[in-house]
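Open the model in your viewer and keep the selection tool at hand. The stops below move from a single side chain to the cores and then to the cavities.

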Amino acid sequence: MEKFGDKVREDRWLGRAEKKDKSRIKDGGDVEEHGSPKLQMDKQKSVDNKMSDLEKPPQKQPITACLLSAAFFGALGSSFLYGYNLSVVNAPSQYIKNFYNKTWFDRYGEPMGTETTTLLWSITVSIFAIGGLCGALSVSFFIKILGRKGTLLLNNIFAVIAALLLSLGETATSFEMLIIGRFIMGVDSGIALSALPMYLGEISPRHIRGSIGQFNSILICTGVFTGQVLGLPQLLGHESRWNYLFSFLAFPALLQMCVLPFLPESPRYLLIEKRDETAAEKAFQRFLGKKDVSQELEEVHAEARAQENLNTISVLQLLKTPSVRWQLITVIITMACYQLCGLNAIWYYTNGILTEAGFAPSILPYITLSTGAIETLSAIVSGLVIERIGRKPLLIFGFTAMAVFFSLLTVFLNFQDRVSWMPYLSYICILAVIASFCSGPGGIPFVLTGELFEQSYRPAAFMIAGIVNWLSNFTLGLLFPFIQQSLQTFAFLVFVVVCLLGATYLYFVLPETKNKTFVDISRSFAKINKIQVPTPSQEMEMVLSIKPHANGKVQDACRLESSF
(Lines give C-alpha, C1' and ligand atoms only; values in the text may rest on other atoms or scores of the structure.)
Protein backbone atom coordinates (compact mmCIF):
# COMPACT_ATOMS: atom_id res chain seq x y z
CA MET A 1 0.00 0.00 0.00
CA GLU A 2 2.91 2.34 0.74
CA LYS A 3 4.25 1.95 -2.78
CA PHE A 4 0.82 2.60 -4.22
CA GLY A 5 0.50 5.71 -2.04
CA ASP A 6 3.77 7.08 -3.44
CA LYS A 7 2.44 6.48 -6.92
CA VAL A 8 -0.80 8.27 -6.18
CA ARG A 9 1.10 11.29 -4.80
CA GLU A 10 3.25 11.48 -7.94
CA ASP A 11 0.22 11.45 -10.21
CA ARG A 12 -0.28 14.46 -12.46
CA TRP A 13 -3.57 15.14 -10.70
CA LEU A 14 -1.67 16.79 -7.83
CA GLY A 15 -0.39 19.47 -10.22
CA ARG A 16 2.50 21.86 -10.05
CA ALA A 17 1.87 22.88 -6.44
CA GLU A 18 2.83 19.41 -5.22
CA LYS A 19 5.99 19.38 -7.33
CA LYS A 20 7.17 22.57 -5.61
CA ASP A 21 6.90 20.85 -2.21
CA LYS A 22 8.35 17.49 -3.28
CA SER A 23 11.94 18.49 -2.61
CA ARG A 24 11.09 19.27 1.01
CA ILE A 25 9.43 15.86 1.42
CA LYS A 26 12.51 14.07 0.11
CA ASP A 27 14.70 15.96 2.60
CA GLY A 28 12.56 14.73 5.50
CA GLY A 29 11.19 18.17 6.30
CA ASP A 30 7.54 18.80 7.14
CA VAL A 31 5.25 20.33 4.58
CA GLU A 32 4.26 23.83 5.70
CA GLU A 33 0.65 24.12 6.70
CA HIS A 34 0.73 27.93 6.43
CA GLY A 35 3.39 29.01 3.93
CA SER A 36 3.87 32.39 2.36
CA PRO A 37 0.77 34.04 0.88
CA LYS A 38 2.26 33.71 -2.61
CA LEU A 39 2.87 29.97 -2.19
CA GLN A 40 -0.64 29.44 -0.86
CA MET A 41 -2.11 31.39 -3.82
CA ASP A 42 -0.02 29.36 -6.29
CA LYS A 43 -1.16 26.09 -4.74
CA GLN A 44 -4.79 27.20 -4.72
CA LYS A 45 -4.60 28.36 -8.33
CA SER A 46 -3.05 25.06 -9.41
CA VAL A 47 -5.72 23.07 -7.59
CA ASP A 48 -8.56 25.11 -9.08
CA ASN A 49 -7.13 24.78 -12.59
CA LYS A 50 -6.89 21.01 -12.29
CA MET A 51 -10.41 20.71 -10.92
CA SER A 52 -11.84 22.93 -13.64
CA ASP A 53 -10.16 20.74 -16.27
CA LEU A 54 -11.88 17.65 -14.86
CA GLU A 55 -15.24 19.37 -14.59
CA LYS A 56 -15.26 20.35 -18.26
CA PRO A 57 -17.59 18.25 -20.41
CA PRO A 58 -15.63 15.42 -22.05
CA GLN A 59 -14.82 15.87 -25.70
CA LYS A 60 -17.17 13.58 -27.53
CA GLN A 61 -15.28 10.91 -29.43
CA PRO A 62 -16.79 8.65 -32.09
CA ILE A 63 -17.79 5.22 -30.84
CA THR A 64 -14.97 2.83 -31.67
CA ALA A 65 -15.27 -0.65 -33.13
CA CYS A 66 -13.57 -2.02 -30.03
CA LEU A 67 -16.20 -0.51 -27.72
CA LEU A 68 -19.08 -1.67 -29.90
CA SER A 69 -17.61 -5.16 -30.16
CA ALA A 70 -17.22 -5.40 -26.39
CA ALA A 71 -20.81 -4.24 -25.86
CA PHE A 72 -22.34 -6.49 -28.52
CA PHE A 73 -20.40 -9.70 -27.95
CA GLY A 74 -20.45 -9.21 -24.19
CA ALA A 75 -24.24 -8.97 -24.29
CA LEU A 76 -24.62 -11.72 -26.90
CA GLY A 77 -23.16 -14.39 -24.63
CA SER A 78 -24.86 -13.01 -21.52
CA SER A 79 -28.12 -11.04 -21.60
CA PHE A 80 -29.15 -12.53 -24.97
CA LEU A 81 -29.10 -16.00 -23.43
CA TYR A 82 -31.15 -14.78 -20.46
CA GLY A 83 -33.83 -13.38 -22.77
CA TYR A 84 -33.76 -16.49 -24.94
CA ASN A 85 -34.37 -18.71 -21.91
CA LEU A 86 -37.37 -16.61 -20.86
CA SER A 87 -39.26 -17.56 -24.01
CA VAL A 88 -37.71 -20.77 -25.33
CA VAL A 89 -39.67 -23.16 -23.06
CA ASN A 90 -43.09 -21.81 -24.12
CA ALA A 91 -43.34 -23.39 -27.58
CA PRO A 92 -42.18 -26.95 -26.72
CA SER A 93 -43.90 -27.08 -23.31
CA GLN A 94 -46.41 -29.76 -24.37
CA TYR A 95 -43.71 -31.84 -26.06
CA ILE A 96 -41.54 -31.67 -22.93
CA LYS A 97 -44.47 -32.81 -20.78
CA ASN A 98 -45.06 -35.71 -23.17
CA PHE A 99 -41.39 -36.64 -22.85
CA TYR A 100 -41.73 -36.59 -19.04
CA ASN A 101 -44.76 -38.91 -19.27
CA LYS A 102 -43.04 -41.32 -21.66
CA THR A 103 -39.88 -41.48 -19.56
CA TRP A 104 -41.89 -42.08 -16.39
CA PHE A 105 -43.88 -44.89 -18.05
CA ASP A 106 -40.72 -46.57 -19.37
CA ARG A 107 -39.16 -46.49 -15.91
CA TYR A 108 -42.07 -47.45 -13.69
CA GLY A 109 -44.51 -49.15 -16.04
CA GLU A 110 -47.39 -46.79 -15.27
CA PRO A 111 -48.42 -43.37 -16.58
CA MET A 112 -47.45 -40.29 -14.65
CA GLY A 113 -50.20 -38.66 -12.62
CA THR A 114 -51.47 -35.22 -13.51
CA GLU A 115 -50.23 -33.75 -10.24
CA THR A 116 -46.76 -35.23 -10.76
CA THR A 117 -46.61 -33.86 -14.30
CA THR A 118 -47.60 -30.40 -13.08
CA LEU A 119 -45.06 -30.56 -10.26
CA LEU A 120 -42.18 -31.59 -12.52
CA TRP A 121 -43.06 -28.93 -15.07
CA SER A 122 -43.32 -26.26 -12.36
CA ILE A 123 -39.90 -27.28 -11.05
CA THR A 124 -38.46 -27.13 -14.57
CA VAL A 125 -39.71 -23.57 -15.04
CA SER A 126 -39.09 -22.13 -11.57
CA ILE A 127 -35.66 -23.67 -10.96
CA PHE A 128 -34.31 -21.19 -13.51
CA ALA A 129 -34.96 -18.38 -11.00
CA ILE A 130 -33.36 -20.39 -8.17
CA GLY A 131 -30.26 -20.85 -10.33
CA GLY A 132 -30.28 -17.13 -11.07
CA LEU A 133 -30.29 -16.39 -7.34
CA CYS A 134 -27.31 -18.72 -6.83
CA GLY A 135 -25.49 -16.98 -9.69
CA ALA A 136 -26.17 -13.56 -8.18
CA LEU A 137 -24.85 -14.74 -4.81
CA SER A 138 -21.59 -15.96 -6.38
CA VAL A 139 -20.88 -13.10 -8.80
CA SER A 140 -18.96 -10.96 -6.30
CA PHE A 141 -16.53 -13.84 -5.66
CA PHE A 142 -15.84 -14.44 -9.37
CA ILE A 143 -15.47 -10.74 -10.18
CA LYS A 144 -12.96 -10.20 -7.39
CA ILE A 145 -10.75 -13.04 -8.63
CA LEU A 146 -11.25 -12.98 -12.41
CA GLY A 147 -12.32 -9.41 -13.15
CA ARG A 148 -15.27 -8.37 -15.28
CA LYS A 149 -14.17 -9.86 -18.59
CA GLY A 150 -12.79 -12.99 -16.98
CA THR A 151 -16.11 -13.62 -15.22
CA LEU A 152 -18.01 -13.27 -18.50
CA LEU A 153 -15.66 -15.76 -20.16
CA LEU A 154 -15.95 -18.27 -17.32
CA ASN A 155 -19.72 -17.92 -17.45
CA ASN A 156 -19.79 -19.36 -20.96
CA ILE A 157 -18.78 -22.72 -19.51
CA PHE A 158 -22.08 -22.81 -17.61
CA ALA A 159 -23.99 -22.03 -20.81
CA VAL A 160 -22.28 -24.80 -22.80
CA ILE A 161 -22.84 -27.37 -20.03
CA ALA A 162 -26.50 -26.35 -19.78
CA ALA A 163 -26.93 -26.62 -23.56
CA LEU A 164 -25.53 -30.17 -23.53
CA LEU A 165 -27.76 -31.29 -20.67
CA LEU A 166 -30.93 -29.74 -22.11
CA SER A 167 -30.40 -30.97 -25.67
CA LEU A 168 -29.27 -34.52 -24.74
CA GLY A 169 -31.88 -35.15 -22.04
CA GLU A 170 -34.33 -36.73 -24.46
CA THR A 171 -31.65 -38.99 -25.95
CA ALA A 172 -30.58 -40.12 -22.48
CA THR A 173 -34.25 -40.52 -21.44
CA SER A 174 -33.58 -38.39 -18.37
CA PHE A 175 -35.88 -35.52 -17.45
CA GLU A 176 -33.49 -34.84 -14.53
CA MET A 177 -30.96 -33.60 -17.11
CA LEU A 178 -33.46 -30.98 -18.26
CA ILE A 179 -34.10 -29.78 -14.72
CA ILE A 180 -30.37 -29.61 -13.90
CA GLY A 181 -29.72 -27.87 -17.23
CA ARG A 182 -32.33 -25.22 -16.45
CA PHE A 183 -30.74 -24.67 -13.05
CA ILE A 184 -27.25 -24.24 -14.54
CA MET A 185 -28.65 -21.88 -17.16
CA GLY A 186 -30.15 -19.87 -14.32
CA VAL A 187 -26.73 -19.65 -12.66
CA ASP A 188 -25.33 -18.38 -15.98
CA SER A 189 -28.03 -15.70 -16.19
CA GLY A 190 -27.58 -14.66 -12.55
CA ILE A 191 -23.87 -14.06 -13.12
CA ALA A 192 -24.41 -12.41 -16.51
CA LEU A 193 -26.97 -9.84 -15.33
CA SER A 194 -24.46 -8.56 -12.77
CA ALA A 195 -21.10 -8.90 -14.53
CA LEU A 196 -22.19 -7.53 -17.91
CA PRO A 197 -23.75 -4.19 -16.76
CA MET A 198 -20.70 -3.66 -14.53
CA TYR A 199 -18.35 -4.25 -17.47
CA LEU A 200 -20.32 -2.04 -19.87
CA GLY A 201 -20.57 0.80 -17.36
CA GLU A 202 -16.83 0.79 -16.67
CA ILE A 203 -15.61 0.69 -20.28
CA SER A 204 -17.93 3.43 -21.59
CA PRO A 205 -17.23 7.18 -21.79
CA ARG A 206 -19.72 8.95 -19.58
CA HIS A 207 -21.44 10.78 -22.44
CA ILE A 208 -22.56 7.42 -23.95
CA ARG A 209 -22.57 5.25 -20.82
CA GLY A 210 -26.36 4.92 -20.87
CA SER A 211 -26.51 3.97 -24.55
CA ILE A 212 -23.80 1.34 -24.21
CA GLY A 213 -25.45 0.06 -21.04
CA GLN A 214 -28.71 -0.41 -22.93
CA PHE A 215 -27.06 -3.14 -25.02
CA ASN A 216 -27.97 -5.32 -22.04
CA SER A 217 -31.69 -4.57 -22.44
CA ILE A 218 -31.64 -4.68 -26.24
CA LEU A 219 -30.04 -8.13 -26.31
CA ILE A 220 -32.45 -9.42 -23.64
CA CYS A 221 -35.37 -8.40 -25.85
CA THR A 222 -33.63 -9.78 -28.94
CA GLY A 223 -33.16 -13.07 -27.11
CA VAL A 224 -36.87 -13.21 -26.22
CA PHE A 225 -37.81 -12.52 -29.84
CA THR A 226 -35.32 -15.12 -31.15
CA GLY A 227 -36.81 -17.73 -28.83
CA GLN A 228 -40.28 -16.93 -30.16
CA VAL A 229 -39.16 -17.16 -33.79
CA LEU A 230 -37.20 -20.40 -33.44
CA GLY A 231 -40.11 -21.87 -31.48
CA LEU A 232 -42.46 -21.64 -34.48
CA PRO A 233 -43.74 -25.05 -35.65
CA GLN A 234 -42.12 -24.64 -39.06
CA LEU A 235 -38.70 -24.15 -37.44
CA LEU A 236 -37.71 -25.87 -34.18
CA GLY A 237 -41.00 -25.84 -32.29
CA HIS A 238 -41.89 -29.34 -33.49
CA GLU A 239 -42.06 -32.61 -31.58
CA SER A 240 -39.10 -34.06 -33.46
CA ARG A 241 -36.92 -30.92 -33.21
CA TRP A 242 -37.62 -29.26 -29.86
CA ASN A 243 -34.31 -30.36 -28.30
CA TYR A 244 -32.44 -28.30 -30.92
CA LEU A 245 -33.97 -25.20 -29.36
CA PHE A 246 -31.69 -25.84 -26.38
CA SER A 247 -28.69 -26.79 -28.52
CA PHE A 248 -28.78 -23.23 -29.86
CA LEU A 249 -27.76 -21.98 -26.39
CA ALA A 250 -24.16 -23.01 -27.02
CA PHE A 251 -23.78 -20.89 -30.17
CA PRO A 252 -23.78 -17.37 -28.60
CA ALA A 253 -21.62 -18.63 -25.73
CA LEU A 254 -19.00 -20.11 -28.06
CA LEU A 255 -19.05 -16.97 -30.20
CA GLN A 256 -18.35 -14.83 -27.13
CA MET A 257 -15.53 -17.16 -26.08
CA CYS A 258 -13.91 -16.64 -29.49
CA VAL A 259 -14.13 -12.81 -29.51
CA LEU A 260 -14.02 -11.52 -25.93
CA PRO A 261 -10.44 -12.70 -25.12
CA PHE A 262 -9.13 -10.25 -27.74
CA LEU A 263 -10.93 -7.26 -26.16
CA PRO A 264 -9.58 -5.31 -23.17
CA GLU A 265 -10.55 -5.72 -19.52
CA SER A 266 -12.29 -2.87 -17.69
CA PRO A 267 -9.74 -0.02 -17.33
CA ARG A 268 -11.20 0.97 -13.95
CA TYR A 269 -10.75 -2.56 -12.67
CA LEU A 270 -7.16 -2.65 -13.94
CA LEU A 271 -6.22 0.70 -12.41
CA ILE A 272 -8.10 0.76 -9.11
CA GLU A 273 -8.16 -2.91 -8.15
CA LYS A 274 -5.18 -4.41 -10.01
CA ARG A 275 -3.13 -1.15 -9.82
CA ASP A 276 -1.81 -1.70 -13.33
CA GLU A 277 -1.74 1.77 -14.89
CA THR A 278 0.00 0.61 -18.07
CA ALA A 279 -2.69 -1.98 -18.86
CA ALA A 280 -5.43 0.51 -17.94
CA GLU A 281 -3.95 3.12 -20.27
CA LYS A 282 -3.82 0.61 -23.15
CA ALA A 283 -7.43 -0.44 -22.47
CA PHE A 284 -8.61 3.18 -22.50
CA GLN A 285 -6.71 3.80 -25.76
CA ARG A 286 -8.39 0.85 -27.47
CA PHE A 287 -11.89 1.60 -26.20
CA LEU A 288 -11.68 5.33 -26.94
CA GLY A 289 -9.59 5.17 -30.11
CA LYS A 290 -7.09 7.86 -29.08
CA LYS A 291 -3.54 8.03 -27.72
CA ASP A 292 -3.95 10.72 -25.07
CA VAL A 293 -6.14 9.26 -22.31
CA SER A 294 -4.65 11.30 -19.46
CA GLN A 295 -8.01 12.90 -18.66
CA GLU A 296 -9.68 9.49 -18.32
CA LEU A 297 -6.84 8.18 -16.16
CA GLU A 298 -7.03 11.20 -13.88
CA GLU A 299 -10.78 10.77 -13.55
CA VAL A 300 -10.23 7.20 -12.34
CA HIS A 301 -7.47 8.37 -10.00
CA ALA A 302 -9.89 10.95 -8.60
CA GLU A 303 -12.48 8.23 -8.08
CA ALA A 304 -9.91 6.11 -6.23
CA ARG A 305 -8.99 8.99 -3.94
CA ALA A 306 -12.64 9.79 -3.25
CA GLN A 307 -13.44 6.29 -2.02
CA GLU A 308 -13.50 5.45 1.66
CA ASN A 309 -11.83 2.11 0.96
CA LEU A 310 -9.72 1.11 -2.04
CA ASN A 311 -10.36 -2.57 -1.37
CA THR A 312 -13.53 -4.28 -2.62
CA ILE A 313 -15.98 -4.37 0.27
CA SER A 314 -18.42 -7.09 1.24
CA VAL A 315 -22.21 -7.00 1.18
CA LEU A 316 -22.31 -6.65 4.97
CA GLN A 317 -19.92 -3.69 4.85
CA LEU A 318 -22.02 -2.09 2.12
CA LEU A 319 -25.16 -2.43 4.23
CA LYS A 320 -23.39 -0.71 7.13
CA THR A 321 -21.98 2.20 5.11
CA PRO A 322 -24.06 5.37 5.68
CA SER A 323 -22.55 7.23 2.71
CA VAL A 324 -24.25 4.86 0.22
CA ARG A 325 -27.44 4.13 2.15
CA TRP A 326 -29.87 5.88 -0.20
CA GLN A 327 -28.08 4.63 -3.30
CA LEU A 328 -28.66 1.12 -2.00
CA ILE A 329 -32.30 1.79 -1.16
CA THR A 330 -32.81 3.25 -4.65
CA VAL A 331 -31.29 0.20 -6.35
CA ILE A 332 -33.36 -2.20 -4.24
CA ILE A 333 -36.63 -0.38 -4.97
CA THR A 334 -35.87 0.05 -8.67
CA MET A 335 -34.87 -3.59 -9.12
CA ALA A 336 -37.91 -4.84 -7.17
CA CYS A 337 -40.20 -2.69 -9.35
CA TYR A 338 -38.42 -4.08 -12.44
CA GLN A 339 -39.73 -7.55 -11.59
CA LEU A 340 -42.95 -6.71 -9.71
CA CYS A 341 -44.33 -4.18 -12.21
CA GLY A 342 -46.32 -6.96 -13.89
CA LEU A 343 -44.72 -7.51 -17.28
CA ASN A 344 -44.18 -11.24 -16.70
CA ALA A 345 -47.82 -11.58 -15.64
CA ILE A 346 -49.00 -10.00 -18.88
CA TRP A 347 -48.15 -13.17 -20.81
CA TYR A 348 -50.79 -15.04 -18.82
CA TYR A 349 -53.58 -13.16 -20.61
CA THR A 350 -52.13 -12.75 -24.10
CA ASN A 351 -53.32 -16.02 -25.68
CA GLY A 352 -56.73 -15.78 -23.99
CA ILE A 353 -57.30 -12.25 -25.27
CA LEU A 354 -56.29 -13.22 -28.81
CA THR A 355 -58.60 -16.23 -28.69
CA GLU A 356 -61.48 -13.99 -27.55
CA ALA A 357 -60.72 -11.70 -30.48
CA GLY A 358 -61.45 -14.59 -32.83
CA PHE A 359 -57.96 -15.57 -33.91
CA ALA A 360 -57.48 -19.27 -34.67
CA PRO A 361 -55.18 -21.11 -32.22
CA SER A 362 -52.96 -22.18 -35.11
CA ILE A 363 -51.95 -18.59 -35.90
CA LEU A 364 -51.51 -17.41 -32.30
CA PRO A 365 -47.73 -18.08 -32.26
CA TYR A 366 -47.31 -15.78 -35.26
CA ILE A 367 -49.39 -12.97 -33.74
CA THR A 368 -47.53 -13.15 -30.43
CA LEU A 369 -44.33 -12.45 -32.35
CA SER A 370 -45.53 -8.84 -32.33
CA THR A 371 -44.90 -8.70 -28.59
CA GLY A 372 -41.25 -9.68 -29.04
CA ALA A 373 -40.87 -7.23 -31.93
CA ILE A 374 -42.34 -4.38 -29.85
CA GLU A 375 -39.98 -5.26 -26.99
CA THR A 376 -36.91 -5.14 -29.20
CA LEU A 377 -37.92 -1.96 -31.02
CA SER A 378 -38.71 -0.11 -27.78
CA ALA A 379 -35.39 -1.14 -26.24
CA ILE A 380 -33.50 0.13 -29.31
CA VAL A 381 -35.34 3.47 -29.21
CA SER A 382 -34.59 3.78 -25.50
CA GLY A 383 -30.90 3.18 -26.16
CA LEU A 384 -30.89 5.90 -28.81
CA VAL A 385 -32.58 8.59 -26.68
CA ILE A 386 -31.30 7.81 -23.17
CA GLU A 387 -28.40 10.26 -23.39
CA ARG A 388 -30.69 13.05 -24.58
CA ILE A 389 -33.64 12.50 -22.25
CA GLY A 390 -31.85 10.99 -19.25
CA ARG A 391 -32.38 7.98 -17.00
CA LYS A 392 -34.80 9.53 -14.52
CA PRO A 393 -37.42 10.79 -17.04
CA LEU A 394 -37.42 7.47 -18.92
CA LEU A 395 -37.90 5.48 -15.72
CA ILE A 396 -40.71 7.69 -14.44
CA PHE A 397 -42.40 7.76 -17.85
CA GLY A 398 -42.14 3.99 -18.21
CA PHE A 399 -43.63 3.15 -14.82
CA THR A 400 -46.35 5.82 -15.13
CA ALA A 401 -47.34 4.70 -18.62
CA MET A 402 -47.51 1.09 -17.44
CA ALA A 403 -49.86 2.14 -14.63
CA VAL A 404 -52.11 3.93 -17.13
CA PHE A 405 -52.28 1.03 -19.58
CA PHE A 406 -52.73 -1.55 -16.82
CA SER A 407 -55.74 0.50 -15.64
CA LEU A 408 -57.18 0.62 -19.15
CA LEU A 409 -56.54 -3.10 -19.60
CA THR A 410 -58.51 -3.82 -16.42
CA VAL A 411 -61.48 -1.87 -17.81
CA PHE A 412 -61.30 -3.53 -21.23
CA LEU A 413 -61.02 -7.04 -19.75
CA ASN A 414 -64.20 -6.48 -17.73
CA PHE A 415 -66.14 -5.48 -20.88
CA GLN A 416 -64.53 -8.05 -23.15
CA ASP A 417 -67.55 -10.38 -23.15
CA ARG A 418 -70.02 -7.59 -23.92
CA VAL A 419 -68.40 -5.79 -26.85
CA SER A 420 -67.05 -7.71 -29.82
CA TRP A 421 -64.18 -5.34 -30.58
CA MET A 422 -63.03 -4.95 -26.98
CA PRO A 423 -60.39 -7.77 -27.17
CA TYR A 424 -58.55 -5.75 -29.81
CA LEU A 425 -58.27 -2.80 -27.41
CA SER A 426 -57.06 -5.19 -24.72
CA TYR A 427 -54.33 -6.48 -27.01
CA ILE A 428 -53.30 -2.91 -27.90
CA CYS A 429 -52.99 -2.23 -24.17
CA ILE A 430 -50.76 -5.29 -23.78
CA LEU A 431 -48.46 -4.01 -26.54
CA ALA A 432 -48.45 -0.56 -24.92
CA VAL A 433 -47.50 -2.03 -21.53
CA ILE A 434 -44.61 -3.92 -23.15
CA ALA A 435 -43.42 -0.80 -25.00
CA SER A 436 -43.64 1.30 -21.82
CA PHE A 437 -41.62 -1.26 -19.88
CA CYS A 438 -38.85 -1.50 -22.47
CA SER A 439 -38.63 2.29 -22.88
CA GLY A 440 -37.04 2.64 -19.44
CA PRO A 441 -37.74 0.15 -16.64
CA GLY A 442 -36.61 -2.78 -18.79
CA GLY A 443 -32.93 -1.82 -18.91
CA ILE A 444 -32.11 1.30 -16.92
CA PRO A 445 -32.15 -0.41 -13.46
CA PHE A 446 -29.02 -2.33 -14.51
CA VAL A 447 -27.38 0.86 -15.78
CA LEU A 448 -28.23 2.68 -12.54
CA THR A 449 -26.75 -0.04 -10.35
CA GLY A 450 -23.39 0.52 -12.01
CA GLU A 451 -23.64 4.31 -11.92
CA LEU A 452 -24.77 4.91 -8.33
CA PHE A 453 -21.76 3.19 -6.76
CA GLU A 454 -18.03 3.77 -6.96
CA GLN A 455 -15.55 1.03 -7.75
CA SER A 456 -15.08 -0.63 -4.35
CA TYR A 457 -18.85 -0.79 -3.68
CA ARG A 458 -19.92 -1.95 -7.12
CA PRO A 459 -19.55 -5.78 -6.88
CA ALA A 460 -21.46 -5.91 -3.58
CA ALA A 461 -24.13 -3.56 -4.98
CA PHE A 462 -24.66 -5.77 -8.03
CA MET A 463 -24.84 -8.80 -5.78
CA ILE A 464 -27.63 -7.21 -3.72
CA ALA A 465 -29.41 -6.01 -6.87
CA GLY A 466 -29.22 -9.52 -8.33
CA ILE A 467 -30.61 -11.08 -5.15
CA VAL A 468 -33.54 -8.63 -5.16
CA ASN A 469 -34.11 -9.24 -8.87
CA TRP A 470 -34.28 -13.03 -8.65
CA LEU A 471 -36.19 -13.15 -5.36
CA SER A 472 -38.78 -10.78 -6.82
CA ASN A 473 -38.98 -12.90 -9.96
CA PHE A 474 -39.51 -16.08 -7.93
CA THR A 475 -42.04 -14.38 -5.61
CA LEU A 476 -44.14 -13.09 -8.50
CA GLY A 477 -44.17 -16.51 -10.18
CA LEU A 478 -45.24 -18.08 -6.90
CA LEU A 479 -47.93 -15.58 -5.88
CA PHE A 480 -49.45 -14.37 -9.15
CA PRO A 481 -51.61 -17.49 -9.76
CA PHE A 482 -53.21 -16.93 -6.34
CA ILE A 483 -53.61 -13.19 -6.98
CA GLN A 484 -55.20 -13.90 -10.33
CA GLN A 485 -57.52 -16.51 -8.83
CA SER A 486 -58.68 -14.12 -6.12
CA LEU A 487 -58.96 -10.87 -8.11
CA GLN A 488 -59.61 -12.23 -11.62
CA THR A 489 -59.37 -9.36 -14.13
CA PHE A 490 -58.70 -6.86 -11.33
CA ALA A 491 -55.32 -8.52 -10.65
CA PHE A 492 -53.55 -5.86 -12.72
CA LEU A 493 -54.54 -3.17 -10.23
CA VAL A 494 -51.87 -4.60 -7.93
CA PHE A 495 -49.27 -3.73 -10.57
CA VAL A 496 -50.78 -0.27 -11.00
CA VAL A 497 -49.98 0.40 -7.34
CA VAL A 498 -46.43 -0.97 -7.69
CA CYS A 499 -45.71 1.16 -10.78
CA LEU A 500 -47.08 4.36 -9.22
CA LEU A 501 -45.15 3.84 -5.99
CA GLY A 502 -41.95 3.22 -7.95
CA ALA A 503 -42.44 6.32 -10.14
CA THR A 504 -43.17 8.48 -7.07
CA TYR A 505 -40.06 7.32 -5.23
CA LEU A 506 -37.83 7.90 -8.26
CA TYR A 507 -39.28 11.39 -8.78
CA PHE A 508 -38.40 12.55 -5.27
CA VAL A 509 -35.14 10.65 -4.60
CA LEU A 510 -33.25 9.75 -7.78
CA PRO A 511 -30.89 12.42 -9.19
CA GLU A 512 -30.18 12.48 -12.90
CA THR A 513 -26.95 10.57 -13.66
CA LYS A 514 -26.62 11.45 -17.35
CA ASN A 515 -23.10 12.53 -18.35
CA LYS A 516 -21.79 12.56 -14.75
CA THR A 517 -18.71 10.91 -13.33
CA PHE A 518 -19.15 8.23 -10.68
CA VAL A 519 -17.77 10.65 -8.07
CA ASP A 520 -20.25 13.36 -9.08
CA ILE A 521 -23.14 10.88 -8.82
CA SER A 522 -22.03 9.84 -5.34
CA ARG A 523 -21.91 13.49 -4.30
CA SER A 524 -25.48 13.94 -5.53
CA PHE A 525 -26.59 11.70 -2.67
CA ALA A 526 -24.46 13.45 -0.04
CA LYS A 527 -27.28 15.63 1.28
CA ILE A 528 -29.86 12.87 1.64
CA ASN A 529 -27.21 10.60 3.18
CA LYS A 530 -26.29 13.45 5.56
CA ILE A 531 -22.65 13.26 4.53
CA GLN A 532 -20.58 16.44 4.30
CA VAL A 533 -18.54 16.50 1.12
CA PRO A 534 -15.44 18.74 1.03
CA THR A 535 -14.99 21.08 -1.90
CA PRO A 536 -12.50 20.03 -4.60
CA SER A 537 -10.02 22.65 -3.40
CA GLN A 538 -10.26 21.39 0.18
CA GLU A 539 -9.68 17.83 -1.02
CA MET A 540 -6.51 18.75 -2.86
CA GLU A 541 -5.21 20.84 0.04
CA MET A 542 -5.65 17.78 2.27
CA VAL A 543 -3.72 15.64 -0.21
CA LEU A 544 -0.92 18.22 -0.46
CA SER A 545 -0.63 18.45 3.32
CA ILE A 546 0.45 14.81 3.81
CA LYS A 547 3.41 14.68 6.18
CA PRO A 548 6.36 12.26 5.87
CA HIS A 549 7.90 9.96 8.40
CA ALA A 550 11.33 10.76 9.78
CA ASN A 551 12.79 8.38 7.18
CA GLY A 552 11.38 10.53 4.42
CA LYS A 553 8.58 8.18 3.29
CA VAL A 554 5.03 9.39 2.90
CA GLN A 555 2.80 8.46 5.82
CA ASP A 556 0.09 6.09 4.57
CA ALA A 557 -0.95 8.45 1.78
CA CYS A 558 -3.37 5.93 0.39
CA ARG A 559 -5.36 5.80 3.61
CA LEU A 560 -5.60 9.58 3.84
CA GLU A 561 -6.59 10.09 0.22
CA SER A 562 -9.16 7.28 0.14
CA SER A 563 -11.30 8.99 2.77
CA PHE A 564 -12.40 11.87 0.56
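Select Glu 296 and show its surroundings: Phe 284, Leu 288 and Lys 290 are in contact with Glu 296 (heavy atoms within 4.5 Å), leaving aside neighbours within four places in sequence. Glu 296 sits in helix α15, residues 294-306; helices are DSSP runs of H or I with at least four residues, numbered from the N terminus. Glu 296 is buried, at a relative accessible area of 16%, where buried means under 20% with a 1.4 Å probe and protein chains only.

This is a predicted model, in which local features need pLDDT of at least 70 and side-chain atom pairs count only at pLDDT 80 or more, while totals for chains, interfaces and linings use all residues. Residues are numbered from 1 along each chain as its sequence is written, and side-chain values use heavy atoms, without hydrogens and water.

Next, select Tyr 100, Leu 318, Phe 406 and Phe 453, which touch the most other members of the largest nonpolar core, a set of 123 residues. Such a core joins buried Ala, Val, Leu, Ile, Met, Phe, Trp, Tyr and Cys residues through side-chain atoms within 4.5 Å. Another core lies apart from it, with twelve residues, including Tyr 269 and Val 293.

Finally, turn to the largest cavity, lined by residues including Pro 197, Arg 209, Phe 446 and Phe 518. A cavity is a set of points on a 1 Å grid over the protein atoms alone where a 1.4 Å probe fits but cannot get out; lining residues have an atom within 4 Å of a point. Colour α23, which gives the most to this lining, with four residues.

Methods: Buried means under 20% relative accessible area, exposed over 50%, partly exposed in between (1.4 Å probe, protein chains only). Helices (H or I, at least four residues) and strands (E, at least two) are DSSP runs, numbered from the N terminus. On a 1 Å grid over the protein atoms alone, a cavity is a set of points where a 1.4 Å probe fits but cannot get out, and a pocket is an open set with protein on both sides within 12 Å along at least five of seven lines; lining residues have an atom within 4 Å of a point.
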